[in-house]
Amino acid sequence: MQLLLVSGLITTIIEQLQELDVQKELDKLERGQGIGDEHHKQQLIDFITDQRQLLAECLYCFACQAPLPKREALQLLSALKKRPSIDADGTLDSVTLTLLMAMLYCLNVDPLDEAAEIQSSIRGTLITLNQC
């Protein structure tokens, strides 16, 4: 896994996610007259959307195995800020949701666990003092 990280795979995936835009790709194909009827256009949209989803899932799987390094996590956060992420019905699109879940895996919540243990220890002491 370290070899993949050193080779820049995570950065490449994030860059591809930023560059792969459905509307941009359709515009390129329309300029080159590479789009046929509406059925063909819908197939292209589905293909591009699937590619984005697969890239996001790769990033998610990597983040599940080990937290992303700080540089890559910041790149991911920056990419999430730049992309419009809401579907027409107001929900998060599946790519953004997958990337958010990958980002959540990057967060270290150990200090929260320690704080909860300290808080429960203090409560136990207070209960003991109240009983006296």
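Visitor: Which residues have the most contacts inside the largest nonpolar core?

Guide: This is a predicted model in which local features need pLDDT of at least 70, side-chain atom pairs count only at pLDDT 80 or more, and totals for chains, interfaces and linings use all residues. Residues are numbered from 1 along each chain as its sequence is written, and side-chain values use heavy atoms, with hydrogens and water left out. A nonpolar core is a set of buried Ala, Val, Leu, Ile, Met, Phe, Trp, Tyr and Cys residues joined through side-chain atoms within 4.5 Å; buried means under 20% relative accessible area, exposed over 50%, and partly exposed in between, with a 1.4 Å probe and protein chains only. The largest such core has 18 residues, and those with the most contacts inside it are Ile10, Ile14, Leu17, Leu59, Leu68, Leu76 and Leu99.

Visitor: Which element gives the largest share of this core?

Guide: Helices (H or I, at least four residues) and strands (E, at least two) are DSSP runs, numbered from the N terminus. Two or more core residues come from each of helix H2 (9-19), helix H4 (38-65), helix H5 (70-82) and helix H6 (94-106). The largest share, five residues, is that of H6.

Visitor: How many helices and strands does the secondary structure of the protein have?

Guide: Along the sequence the pattern reads α-α-α-α-α-α-α. The totals are therefore seven helices and zero strands.

Visitor: Is Glu72 buried or exposed?

Guide: Glu72 is found in helix H5. Contact means heavy atoms within 4.5 Å; leaving aside neighbours within four places in sequence, Ile14 is in contact with Glu72, as well as with Leu59, Gln75, Leu76 and Ala79. The C-alpha atoms of Glu72 and Ile14 are 8.4 Å apart, while the two residues are 58 apart in sequence. Because its relative accessible area is 3%, Glu72 is buried.

Visitor: Which residues does Cys106 touch, not counting those up to four places away in sequence?

Guide: Cys106 lies in helix H6 and counts as buried because its relative accessibility is 16%. Its C-alpha atom is separated by 9.8 Å from that of Glu72, 34 residues apart along the chain. The residues that Cys106 touches are Pro67, Leu68 and Ala73.

Visitor: How many nonpolar, polar and charged residues are in the lining of the largest pocket?

Guide: On a 1 Å grid over the protein atoms alone, a pocket is an open set of points where a 1.4 Å probe fits, with protein on both sides within 12 Å along at least five of seven lines, and lining residues have an atom within 4 Å of a point. The lining includes Asp21, Arg52, Arg83 and Asp93, and H4 and H6 are the elements that give two or more residues to it. Ala, Val, Leu, Ile, Met, Phe, Trp, Tyr, Cys and Pro count as nonpolar, Asp, Glu, Lys and Arg as charged, and the others, Gly among them, as polar. By class, the lining has four nonpolar, three polar and five charged residues.
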